Amino acid sequence: MVLLSKIATNNGHGENSSYFDGWKAYEIDPYHPTKNSHGVIQMGLAENQLCFDLIQEWVENNPKASICTPQGSNGFNDIAVYQDYHGLPEFRNSVARFMEKVRGNKVRFNPDRIVMSGGATGAHETLAFCLADPGEAFLVPTPYYPGYDRDLRWRTGIQLLPVVCESSNDFKITREALEDAYEKAREANIKVKGLILNNPSNPLGTVLDRTTLRDAMSFISERNIHLICDEIYSATVFNEPGFISIAEIAEESAYRKHRDLIHIVYSLSKDLGFPGFRVGIIYSYNDAVVNCARKMSSFGLVSTQTQHLIASMLSDDIFVEKFLDESAKRLAERHSLFTQGLAKVGIKSLKANAGLFCWIDLKRLLKEPTFEAEKELWHLIIDEVKLNVSPGASFHCSEPGWFRVCFANMDDETMKIALSRIHKFVIQKTRPDQPTTRKQCKRSKLEISLSSRRLDEFIMTPRMLSSPHSHMTSPLVRARN
Amino acid sequence: MAIEIEKPAVGLSKVAVSDTHGEYSPYFAGWKAYDENPYDELWNSSGVIQMGLAENQVSFDLLEQYLEKHSEATNWGNRTSGFRDNALFQDYHGLQSFRKAMASFMEQIRGGRAKFNPDRIVITAGATAANELLTFILADPGDALLIPTPYYPGFDRDLRWRTGVKIVPVHCDSSNNFEITPQALDAAYNEAESHNIKVKGVLITNPSNPLGATIKRSTLEEILEFVTRKNIHLVSDEIYSGSTFSGEEFVSVAEVLEARDYKESDRVHIVYSLSKDLGLPGFRVGTIYSYNDKVVTTARRMSSFTLISSQTQQLLASMLSDRTFTENYIKTNRERLKKRHQMIIDGLKNSGIECLKGNAGLFCWMNLSPLLEEPTKESELTLWKSMLHEVKLNISPGSSCHCSDPGWFRVCFANMSEQTLQVALTRIHNFMDRRKAMKSSPDFSSY
């Protein structure tokens, strides 16, 4: 038998986790309004599907944006041949302008600092390759997107160390938590190379306030470590207090001289709803990082066909303004509908103003305040309520009982059905005097088989993954290899 | 305790500060000269002609014609949800219709002599990503891949930079037309072993870049025997498989495996791309085809870092599943490349320059060793600089391809119009005339 590498044979891909059960359940039995109304509703996928009508309309009215139309085809040759890793100038310009608009034009972005990558997935990995050596670490506040475990660690060999945030102060990132995490790393002889911030936060749906951003800047500049700001949900902010980007802090006089520590990750997958187009962006204030990341972008460039479409779309100012307004409005409505529906049965969710999901508190439904109980509840929700939601443990949350529930990847009717299922479940579960017949939770066997998937009927992303480790006791993630 | 090496103000990784990205090679220096002074038929007829870029522009009209006739199919189809479904599709398996179309296209290129299963196709953003990804999967940092020289300069970056894997060259030389021999393979393997380096695989490019020639069936069989004996992997980079000048001469490793019922095939992996055969480098369409289930699964997971835009998958699924189009394209493309190749070979011959006998690719492997002062790499680079600055042609020196025989150059011919090629040939002709004149001049003093 011919051997494969350590990277190929370890679990760094993250897919051997039991948290895949929810996805498998959806795959086997996907909800459909007419063909399978009792199927599993996918609420584990952070996708933005609320504004496709606007996009569709734009695409139909702008045939030149596609090189496959008679109107656009005379540009085909030049576009198809262009493989320069700087990217089409019009693409970089339009993305820079779009990022400025999303930030209320309070900051300026230089198109020459825009580097492409294979989605935000590729952007994170590229930055890790540029900023840290194997064995070194990034700090990341919990709870965080499970995909970071793979994206930042798998092929790079770097470690992620948690900055523990708690519900007692709404999961805000405190100076103490940052210093605590850094100190723990020092004691374990692990070199910290950077801090990752996700703003707006996945899974919390909250934005960072100015104080926290400034605290983070002071923290990293004092230690001369990097700051990676993942702002992929920046245009999903739908309510006050609005969005403050690290780019604003970077322009404040107190921090200007530390700008070369700041790197922003962006993508069009969430804000525009284009995950298939693989448009990832690294924006760095550090020339050496821009240069290095640009060379590495050879491994994950954006198709020029897509660069061309995006450039056309994002340079249509009238369309962009209308889209951003309407998207925020619809997200606000959907969020409100969902949280009010939950409140009706006493389910609290973290007060949020952004994102495509809710961070809900199901602590009172747990048998006991443990992650085991959380897992049991989660299996119950998948098997009985037929909803694929994401348990807090997969986000490395330090407290059991929290779940992330996505609400922007479905239409209104499906949302209503999901809510009614939740209502029924909560009422039944909290009814006194009923012997709780605990169903045997089906633990489906984990096998990612090669069988062809029914791709027309559902969309599956492997990105919503979590670490196979269960670290209930120690927040310090141990090195794997 | 290691001494701290002085780092810039804020530290980057070792990978970031290393030179393994390879951009200081003369391979790229020539490009800069071109960028600063690019040839244009009308506006800059004395500019540098780019002959260092292996691109295929001879068959673009065929693609354009196809698009004109099929704009709806390629443009998200008729369904109103077409755009939405496509924009949302991020499954790392890739669109099934796209994989089917690629498998079928790869079969057609091989004249139906090998079958490809769409479920073994893993998508990546270009062959650049495919090669790096395979390296991550097949070898650990510090391990090595054996690569026959001369080879594509980009491998130095693609296979080594972020992976930490080494390349150990398998030396091939002009004495036998640069063919790969079992002795050379053994010598390379032993060389690695003597340095305590673990060899994890052999990587061949077939048809070869820069040689512009296909690998013989008997050689493929010897290579397969070698990797089996050593229990290591074989990666066959076949990105020029559709750029052969005849349909018959190219033998893919897939055919050899099929002929032996896929025995020992779980060590074989094929890289393909549409950048060369279809002339679509901007679209970033690469694939890995592996006969090893675990490699397919792992590669697919890793492809998350480098997927093909679903918009592009959609376009190509439509184009490549149209057999009328693909059959005509493959045939016409071959004819035009053959004609272009003949033109440059004849032109060079008229100037007294020989090339390696080639039958594929977008370039020829030109022998200028008779022009060297001394048979050294330095002489070769001196000659290369003359070609660049005096003759204003950007060609690629053999040393940048790790060729052990000095004096060979790769010259691309498919990335320009026939007129431009003619201009290039005229310049070469004049250059050779000038050199002959200098040599026969009585005042000629040796230099």
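This is a predicted model: local features need pLDDT of at least 70, side-chain atom pairs count only at pLDDT 80 or more; totals for chains, interfaces and linings use all residues.
Student: Which helices of chain A supply residues to the side that touches chain B?
Tutor: Those that each give at least two residues include helix H1 (6-9), helix H3 (52-61), helix H6 (119-131) and helix H12 (304-314). The largest share, seven residues, comes from H6(A).

Student: And by class, what does that side of chain A have?
Tutor: There are 42 nonpolar, 27 polar and 15 charged residues on the side of chain A that touches chain B.

Student: How many residues does the contact take from each chain?
Tutor: Chain A gives 84 residues and chain B gives 83 residues. The area buried between the two chains is about 7,500 Å², and carbon and sulfur atoms give 60% of that area.

Student: How many salt bridges cross the interface of chain A and chain B?
Tutor: The rule finds three. One of them joins the side chains of A:Asp133 and B:Lys14, at 3.4 Å from N to O.

Student: Change of topic. How many salt bridges are there over all chains?
Tutor: The count comes to 50. Among them is the pair A:Asp112 and A:Arg92, whose side chains meet at 3.0 Å, N to O.

Student: What parts does that pair tie together?
Tutor: A:Asp112 lies in the loop between helix H5 (89-102) and strand E2 (114-118) of chain A, and A:Arg92 lies in helix H5, so the pair links parts 20 residues apart in sequence.

Student: Is A:Arg92 buried or exposed?
Tutor: A:Arg92 counts as buried, at 9% relative accessibility. A:Asp112 is partly exposed, with a relative accessible area of 48%.

Student: What about chain B, where do B:Glu238 and B:Arg110 lie?
Tutor: B:Glu238 is in the loop between strand E6 (233-237) and helix H11 (253-259), and B:Arg110 is in the loop between helix H6 (96-109) and strand E2 (121-124). Their side chains meet in a salt bridge at 2.6 Å, N to O. B:Glu238 counts as buried at 0% relative accessibility, and B:Arg110 is also buried, at 0%.

Student: Back to chain A. Where is A:Thr156 found?
Tutor: A:Thr156 sits in the loop between helix H7 (147-153) and strand E4 (159-163) of chain A. At 6% relative accessibility, A:Thr156 is buried.

Student: What does the side chain of A:Thr156 reach at 3.2 Å?
Tutor: The backbone nitrogen of A:Ile158. A polar atom of the A:Thr156 side chain also lies 3.4 Å from the backbone oxygen of A:Arg153.

Note on methods
Residues are numbered from 1 along each chain as its sequence is written. Chains are lettered from A and ligands numbered from 1 in the order in which they are written. Side-chain values use heavy atoms; hydrogens and water are left out. Helices (H or I, at least four residues) and strands (E, at least two) are DSSP runs, numbered from the N terminus. Buried means under 20% relative accessible area, exposed over 50%, partly exposed in between (1.4 Å probe, protein chains only). A polar contact is a pair of N or O atoms within 3.5 Å; within protein, one must be able to donate a hydrogen and the other to accept it, and residues adjacent in sequence count only if both atoms are side-chain atoms. Contact means heavy atoms within 4.5 Å. Buried area is the accessible area (1.4 Å probe) that two parts lose on being put together, summed over both. A salt bridge is a side-chain nitrogen of Lys or Arg within 4 Å of a carboxyl oxygen of Asp or Glu. Ala, Val, Leu, Ile, Met, Phe, Trp, Tyr, Cys and Pro count as nonpolar, Asp, Glu, Lys and Arg as charged, and the others, Gly among them, as polar.
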